[in-house]
4 protein chains.
Amino acid sequence: MEKKDLSTRISLVKPGKVLIRGYDLIKLLDKVSFGDMIYLLFTEKLPKKNEGRMIEAILVCSAEHGLATPSTNVVRSVASCGVPLQASVAAGIISLGDFHGGAIEHCAKMLQENVQLVQEKGVERAASEIVTRYRETRKRIMGYGHGIHQPEDPRKVKLFQLAEQYDVAGDHMRLADALGAAMKNILQKSLPLNVDGAIGAIISDMGIDWRYGKAFFFLGRAAGLTAHAYEYMVKESPMRRVYTWDEVNYVGPEEREISE
Amino acid sequence: MEKKDLSTRISLVKPGKVLIRGYDLIKLLDKVSFGDMIYLLFTEKLPKKNEGRMIEAILVCSAEHGLATPSTNVVRSVASCGVPLQASVAAGIISLGDFHGGAIEHCAKMLQENVQLVQEKGVERAASEIVTRYRETRKRIMGYGHGIHQPEDPRKVKLFQLAEQYDVAGDHMRLADALGAAMKNILQKSLPLNVDGAIGAIISDMGIDWRYGKAFFFLGRAAGLTAHAYEYMVKESPMRRVYTWDEVNYVGPEEREISE
Amino acid sequence: MEKKDLSTRISLVKPGKVLIRGYDLIKLLDKVSFGDMIYLLFTEKLPKKNEGRMIEAILVCSAEHGLATPSTNVVRSVASCGVPLQASVAAGIISLGDFHGGAIEHCAKMLQENVQLVQEKGVERAASEIVTRYRETRKRIMGYGHGIHQPEDPRKVKLFQLAEQYDVAGDHMRLADALGAAMKNILQKSLPLNVDGAIGAIISDMGIDWRYGKAFFFLGRAAGLTAHAYEYMVKESPMRRVYTWDEVNYVGPEEREISE
Amino acid sequence: MEKKDLSTRISLVKPGKVLIRGYDLIKLLDKVSFGDMIYLLFTEKLPKKNEGRMIEAILVCSAEHGLATPSTNVVRSVASCGVPLQASVAAGIISLGDFHGGAIEHCAKMLQENVQLVQEKGVERAASEIVTRYRETRKRIMGYGHGIHQPEDPRKVKLFQLAEQYDVAGDHMRLADALGAAMKNILQKSLPLNVDGAIGAIISDMGIDWRYGKAFFFLGRAAGLTAHAYEYMVKESPMRRVYTWDEVNYVGPEEREISE
């Protein structure tokens, strides 16, 4: 058991030498971008096309989305309590769960499990079948619609343009768009692909396993969360209270006595 | 209090529009690297020189350093227990404390607080004074020496070369090197600047507050930790036990009875 | 949305006064045990019988289980890196996922969803039906069998005895035992109820929602994890390396060059 | 190094047997409270007097303090994002830093480092000296004063009464009270001992190392945080936004163009 546990394909470290997936770290330092490095770490290959540039654009896109998001609220509260920077940011990252960026993973999984239908039946019929199947099993297709950015999420539009320009676009992206159209036809609802769904589709076309999906959000967002932690720490007002005791609306039992 | 708490200089989000430090996120997507974005988020400015490229090199350098580090051990253990990807990686990030990458912050702070001595007295005399002062107060200068990479950490050498090449090198880096030489002279110990100290010096020369220091480690390392979490999750052997019950060396009290 | 978000049934705090579920905290201090308090926080009622004593026994039982568990490995590694006590313990708690104590929740859910069968058909027939149904859908019943404690987990035996003695035992516990017997008959496997399953059954008989299941593990285990963090912190050997670089078994690509 | 790392005085686990600090876990289950167990885990001794009851009272006291605290804000936000229960509670625990319960540790440290003065000079002179010394070095004595509970924190009053009643009170508690009086005399400020300071003093009189201080807060508060996570999870409104995008007050740079 131990032996297996100490086995890794990721890196080799010995005195004076660090190999990452077989490449010398020192040689990588000025040859690859951080996006290339993520692609290498996740797929064991250096990019052949512009996958690294595409990942960089995704990270830039994910880096920050304002103060009114749960993760930012979390980080600012933790940072106000006298906690080291890395622990404050980690608390925010924990919050990036199923309902906060989780659609990347879910959408990528759905696309990767169904993409072969595009070749078999054409993209439109594939999309109709999937939407119908999801409707019948009363499941929701993740990665569509947005609370704030309407009618369309501008980040999705630009990321898809870049994917074309960088020549990484493929069937997953085509299927993702077709699913939005199919939902409009079949469900009579306008739910265009959002930024989460867009990232899920693009990483799928770059051959990245859906299980990595959330990472393309949290690796980028960690930068914005760090800026929020710092902003709060240098303000130096300890114990951030988002609201005060008299704003809380207690709706539990009236005061009562302990019966002996 | 609330009003202040809801104030931020970082970003503005409204329907169809996201501004980061004043710049339209959509326009940034294909114009800046993730390194540029971090520089913008942390300093409120876009790079004038190659600061973004330098940050990218630092992130690549920090991304991974093998299985035998505490944070990797943490991530692989947590990921083996049936925990979402982001929470596994967050647990690893928590461990990047004072003794695991913390030297970046401490070294940057020391350099930023003493760099004016370089102009006043020359770099060698500045370094001698600082080493002498630390010796007298029995404090240790952080960011020097390395457990594995000897005599010199190759990551430090390459990062400093790149900083020269990218034209971001300055007095902090010169002082950092001079401190290593001064320690050799005064303390009779060979403690060359290591990768943590190098990063602390370079970000200082790029005008970045030392309080951000640890971020240049954890924003990069998060990528490597994600690869380790994934590697362990797909192996699917739940409940990783690094050692078995019979390898533990119990040195506590002998079995004893509860006295009534 | 905001209004709802600021509503709570748990507690009311104002100057000089703290009500927990309607009871004055000051009056609770010497009247209730921590087990009673947990019962009150989770169910909005003070115990009528010995539910508080039973919860105390569960917490004592969960508090510690040796150095060779993933969560302990995590806590000792994090604590060695210069991280505050609460953050080290929190990292360990993150690891208490689906495969590390998660069976409490899963077993309690299964019991709560099926317990009405006991009244309808008798406990043995109920158990046979459930085992057969799980076998047909190739799902595993959680909370049975143990890697180390065989043939039977002594913690399960004692907790069930106490539940009888404290008069909190009921149909969930009877069903839980009957399922072990049914698995032996039908699957020809000896998988007696383990400590996780036992806790899941007992809290179900005390009327506690299965969604709280994992808490009966982590609220107790947090005490043991704290002792491990402390033990490591006072040893003062920074950067715990469970294994050294030369013990790692690199099985990835051979050293290779970056093709331009 | 490995050997040392695998040594522990806390527990021994082997098939069918669990010893905690030398005591058989099965025998402990109905003999000790969770408070006794914490005392055993932290000090290697079972209580001789009422230390376990005192710890239970401290845990009850710490368990919950309303919705308007940073840690509760954190837990409710994380729990709204589709994150497992233990990870939501862990994020809240991370926030229990230097400014949120941290005074327990700081106050206990100060008392343990100065308590010998009580025997040497009497409690009043000891207190005067300490206050004067802190004033001269411009440091603040932690654990005094409270934002909401004034003039006196009722939790402190009751905990001190119980400590007398349970016969665990001693010089640390006397010194803690005398310091409040001395601050009033010397600094002309009314800063009575608060609940954090009270806990710090009581655990010191029970012989517990100040490094454990924060644990007496987070082991209790974890129960309240769990109730908040649950309350939010069953409400099922994903992505809790404490405020909306149009409530955020952006004070950063005006919209600007990227200069090429």
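**Figure 1. Aromatic pairs in the predicted model, with C:Tyr230 and D:Tyr212 as the example.** Over all chains, this predicted structure holds 14 aromatic pairs. In the pair shown, the ring centres of C:Tyr230 and D:Tyr212 are 4.0 Å apart and the ring planes meet at 20°, so the pair is stacked. Planes under 30 degrees apart count as stacked. C:Tyr230 sits in helix 13 (residues 215-235) of chain C, while D:Tyr212 sits in the loop between helix 12 (195-205) and helix 13 (215-235) of chain D, so this pair joins two chains.

**Figure 2. The salt bridge of D:Lys158 and C:Asp30.** A search of the whole structure gives 56 salt bridges over all chains. One joins the side chains of D:Lys158 and C:Asp30, with 3.5 Å from N to O. D:Lys158 belongs to helix 10 (residues 154-165) of chain D, and C:Asp30 to the loop between helix 2 (25-28) and helix 3 (34-43) of chain C; the pair therefore joins two chains. Side chains of opposite charge can pair when their charged atoms come close.

**Figure 3. Salt bridges and polar contacts between chain B and chain A.** Two salt bridges are counted between chain B and chain A. The side chains of A:Asp30 and B:Lys158 form a salt bridge, at 3.5 Å from N to O. The interface of chain B and chain A also has 21 residue pairs in polar contact, both residues being at pLDDT 80 or more. Helix 13 (residues 215-235) of chain B gives the largest share of the side of chain B that touches chain A, namely 15 residues. By class, the residues on this side of chain B are 47 nonpolar, 17 polar and 20 charged.

**Figure 4. Contact and buried area between chain B and chain A.** In this interface, 84 residues of chain B are in contact with 84 residues of chain A. The two chains bury about 6,900 Å² between them, and 69% of that area is on carbon and sulfur atoms. B:Leu29, B:Phe34 and B:Gln86 together supply 11% of the area that chain B buries against chain A, more than any other three residues.

**Figure 5. The rotation that relates chain B to chain A.** Chain B is superposed on chain A by a rotation of 180° with 0.0 Å of shift along its axis, at an RMSD of 0.0 Å. Which residue of chain B comes closest to the rotation axis? B:Ala90 does, with its C-alpha at 2.3 Å. Both copies use the same surface, as 100% of the contact residues of chain B recur in chain A.

**Figure 6. Contact and buried area between chain A and chain D.** Here 30 residues of chain A are in contact with 30 residues of chain D. About 2,800 Å² is buried between chain A and chain D, 72% of it on carbon and sulfur atoms. A:Ala68, A:Phe99 and A:Tyr243 supply 22% of the area that chain A buries against chain D, more than any other three residues.

Figure 7. How many salt bridges are counted between chain A and chain D? The count is zero. Polar contact is found for nine residue pairs between these chains, both residues at pLDDT 80 or more. Helix 5 (70-79) and helix 6 (85-94) of chain A each give at least two residues to the side of chain A that touches chain D. The largest share of that side, five residues, comes from helix 5 of chain A. Its residues by class are 18 nonpolar, nine polar and three charged.

**Figure 8. The rotation that relates chain A to chain D.** A rotation of 180°, with 0.0 Å of shift along its axis, superposes chain A on chain D at an RMSD of 0.0 Å. This is the relation of a two-fold axis. Of the interface residues of chain A, 100% are also interface residues in chain D, so the copies meet through the same surface.

Key. Residues numbered from 1 in each chain as written. Chains lettered and ligands numbered in written order. Predicted model: local features only at pLDDT ≥ 70, side-chain atom pairs only at ≥ 80, totals over all residues. Heavy atoms only, no water. Contact = heavy atoms within 4.5 Å. Buried area = accessible area lost by both parts, 1.4 Å probe. Salt bridge = Lys/Arg side-chain N within 4 Å of Asp/Glu carboxyl O. Polar contact = N/O pair within 3.5 Å; in protein donor to acceptor, adjacent residues only side chain to side chain. Helix = DSSP H or I, 4+ residues; strand = E, 2+ residues; numbered from the N terminus. Nonpolar A, V, L, I, M, F, W, Y, C, P; charged D, E, K, R; others polar. Least-squares fit on C-alpha atoms with pLDDT ≥ 70 in both. Phe/Tyr/Trp six-rings, centres within 6.5 Å; stacked < 30°, edge-to-face > 60°.
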